[in-house]
Each structure stands twice: as C-alpha cells, then as structure tokens.
Amino acid sequence: MKYSLVIPVYNEAESLLELYQEIVQTADSNLDTVEIIFVDDGSSDSSWSVIESIVADDARVKAIRFRRNFGKAAALDVGFHAASLPVVFSMDADLQDDPREIPDFLEVLNSGYDVVSGWKKRRYDPWHKVFPSRVFNWMVSHLTGVHLHDHNCGMKCYRREIFDEIRIYGEQHRFIPVLAQARGYRVGEKVIAHRARQFGRSKYGFTRFAKGFLDLLTVKLVTGYGQRPQHVLGTLGLTAFGIGSVMLCWLAACWLCSRIPCFGFEQVYNLSGRPAVIYSAALMLLGGQLLSVGVIAELLLSYQHREGREYSVKKTIGFEDAPDGLASDPAGKS
C-alpha cells in the first residue's frame with residue numbers, strides 16, 4: 001500500500017524519534033510505500049531539531065514548520081494538501097496512537113469506505129477528559145447523523161481526494177468525517193488500542209470543549225443548510241415574527257375592546273408598562289433581522305456559487321473529455 005502520514009507536532013521532542021521508528025518498522029514489515037509529513041505547529045522545545053535530524057536520514061520524511069502556533073486544524077490542513085499518496089493518515093505525535101494499527105485501517109478502508117475513524121474504546125486518560133469527551137461524541141453523533149463513538153480520536157484514515165473538496169479551520173479537524181459524509185463519502189470506524197502518555201502533558205483543556213461545541217454548530221449549519229441558509233434563518237425569523245405579531249394583535253384587540261362599552265370591560269386596558277408589549281416588539285424585530293440576514297446570505301451564496309459546486313462527482317462515463325472540468329474515469333469511457 002501507498003500512504004502518507006500527517007503528524008502535527010507541538011512540543012513533543014521526546015517522543016518523535018520513537019514514533020518515527022515505529023512507523024518505519026510497520027511500513028517496512030508490510031513492504032508499504034510511506035510518506036511521513038511532520039508539521040511543527042510552533043513548538044518551543046527542540047522538536048524541530050529532532051525532525052531535521054530525521055529528515056536528513058530518511059528521504060521518505062518531509063517537514064513543515066509554522067512561524068507560530070496556529071492550532072491542530074491548520075497543521076492538519078497544510079499536511080493533507082502536501083500529501084502526495086492516495087491514502088492519508090492523521091495521527092498524534094505523543095505515542096498514544098499505535099502505528100501498528102495502520103494495516104487494519106487499510107483493510108477497513110478497502111472494504112468500501114472513504115474515511116475510517118479510530119475509536120479509543122479503552123482510554124488511558126483521566127476521568128475529567130473522558131466524561132466530557134463522551135458527552136461531546138454523543139452530541140455530535142446525534143446532531144450530525146454521523147454516528148461515531150470517538151469523533152475526537154486523532155488517528156484517522158482518508159482517501160486523498162477528499163481534501164480536494166473540503167477545508168478545515170478553527171477546531172474543525174475532529175469533524176472531517178462529518179464534512180466528508182455530507183459530500184457523499186462513506187465513513188467507517190475501527191477500534192484501536194490507546195496507549196498511556198509517556199512524555200509531556202496534554203495540550204488540551206476544558207476550553208477545547210467550548211470551542212468544539214461552537215464549531216459543531218458551524219458544521220451543522222454548513223452541512224445542513226450551507227446551500228440554503230434562508231431555510232434555517234427564514235424559519236426562525238418567521239417564527240419569531242409570527243409570535244410577536246400574534247401577541248401584539250392580541251394586546252391591541254384587548255385595548256380596543258376595553259374602550260367599547262358593550263364588551264363589558266371594567267376599565268380601559270392600559271398597554272403602557274406591560275412587559276408583553278416589549279417582548280412582542282422584540283420578537284418582531286428579531287424576526288425581521290433574521291429574515292434580512294437570510295436574504296443577505298442567499299445573495300452572497302448566489303454570487304459565490306459561480307466559483308464552487310455543492311455536489312461531489314465520483315466519476316463520469318461516456319465522455320471523451322470531462323465536461324466543465326469534471327474528472328473523468330478512463331476505465332468508465334464507453
């Protein structure tokens with residue numbers, strides 16, 4: 001098999017050489033063609049020096065160094081686009097991912113999947129990391145419809161062409177399977193062995209869950225309503241505007257009826273100082289703003305639609321030349 005390994009690095013100098021040796025041992029024992037890409041995400045220790053020494057000794061190893069820490073998503077994104085082989089792996093540099101899992105990943109991938117995500121069924125992490133992670137995984141699975149046990153797992157396997165269609169930023173690296181399935185790619189899962197951390201400390205704290213939740217909302221909107229933003233914004237806007245309108249109409253009717261003696265009101269219905277008036281007006285204003293934002297989003301989408309496609313083509317058949325730049329499968333020509 002031919003595959004690239006993309007490994008983000010942030011202050012992992014102690015583990016890099018051992019990780020490299022495990023990868024090479026696995027690849028050589030299976031006669032695989034491997035490309036190893038280390039991406040130094042602004043490390044402040046000697047990680048880059050270790051990477052330089054590895055690159056000098058092995059032509060299969062490549063390295064990219066950021067000027068400062070830009071985050072894991074940026075490191076993975078640049079590594080994925082630098083990869084040249086048809087299958088791409090992502091894995092962490094802290095030795096908690098075992099390179100000996102690679103042949104099993106490839107076997108699952110070749111059974112008909114385009115993305116295979118690792119599942120750390122038994123984790124060697126403290127409870128305050130495990131419990132929030134399980135809650136987050138449950139929430140992602142049920143909101144996106146991509147039912148994986150471990151969206152946070154750093155070890156994943158992809159077909160290279162996926163990254164010609166999707167890009168990641170922020171904290172969206174954990175949502176690559178979600179973005180891929182939204183484009184029509186098949187997503188699978190594999191149980192992997194999780195190893196206890198040997199060196200250093202985790203680079204993630206509680207703040208990553210807040211960031212992850214916000215990115216989850218973004219991914220949900222992009223995958224569910226990216227091509228029809230008015231459907232969600234307009235629905236919310238119409239709902240808020242409708243509720244506010246009904247409330248104001250009811251209050252206006254009460255005020256009007258209280259001024260007509262035949263309706264039997266004991267005193268004039270006074271609207272001043274009533275919180276319901278303020279709530280109704282606020283809902284109508286909110287509804288109008290959401291509708292306006294939805295219209296603007298649709299106009300922007302219509303303008304940008306000229307440059308991109310919302311669909312993904314796997315192959316074409318019967319064309320001598322691919323129409324409109326679409327890739328044509330030579331084996332499929334009739």
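**Note on the salt bridges, sheet and helix packing**

1. The side chains of arginine 160 and aspartate 164 come together in a salt bridge with an N to O distance of 3.3 Å, where a salt bridge is a side-chain nitrogen of Lys or Arg within 4 Å of a carboxyl oxygen of Asp or Glu. Arginine 160 is buried, with a relative accessible area of 16%, whereas aspartate 164 is exposed at 58%; buried means under 20% relative accessible area, exposed over 50%, and partly exposed in between, with a 1.4 Å probe and protein chains only. Salt bridges that share partners also join Asp28, Asp58 and Arg60 into one network.

2. On provenance, this is a predicted model, in which local features need pLDDT of at least 70 and side-chain atom pairs count only at pLDDT 80 or more, while totals for chains, interfaces and linings use all residues. Residues are numbered from 1 along each chain as its sequence is written, and side-chain values use heavy atoms, with hydrogens and water left out.

3. A search of the whole structure finds ten salt bridges. One of them joins the side chains of aspartate 40 and arginine 65 at 4.0 Å, N to O, and this pair links distant parts of the chain, with aspartate 40 in strand E2 and arginine 65 in strand E3, 25 residues apart. Aspartate 40 counts as buried at 0% relative accessibility, whereas arginine 65, at 48%, counts as partly exposed. Helices (H or I, at least four residues) and strands (E, at least two) are DSSP runs, numbered from the N terminus.

4. Another salt bridge brings together the side chains of arginine 159 and aspartate 114 at 3.3 Å, N to O. Here too the pair links distant parts of the chain, since arginine 159 lies in strand E6 and aspartate 114 in the loop between H4 and E5, 45 residues apart. Aspartate 114 counts as buried at 15% relative accessibility.

5. The seven strands form an open sheet with mixed pairing, in the order E3-E2-E1-E4-E6-E5-E7; two strands pair if DSSP finds at least two bridges between them. E3 and E7 are the edge strands, each pairing on one side only. Direction ignored, neighbouring strands of this sheet are turned by 20 degrees against each other on average, with axes taken as lines fitted to C-alpha atoms, for helices over the stretch in contact, and angles running from 0 to 180 degrees between N-to-C directions.

6. Strand E2 (residues 33-40) and strand E3 (residues 61-65) pair in the parallel sense over five bridges, and phenylalanine 38 stands opposite alanine 63 in E3. The chain crosses from E2 through helix H2 (residues 47-57) to E3 in a right-handed β-α-β crossover, meaning that, with the strands pointing away from the viewer, the path from the first strand over the helix to the second runs clockwise.

7. The buried residues of helix H4 (residues 102-109) are Ile102, Phe105, Leu106 and Leu109. They cover an arc of only 100 degrees around the axis, so they lie on the same side of H4; the arc is that of the directions from the helix axis to the C-beta atoms. These buried residues pack against E1, E4, E5, E6 and E7, where contact means heavy atoms within 4.5 Å, and H4 runs at about 135 degrees to E5.
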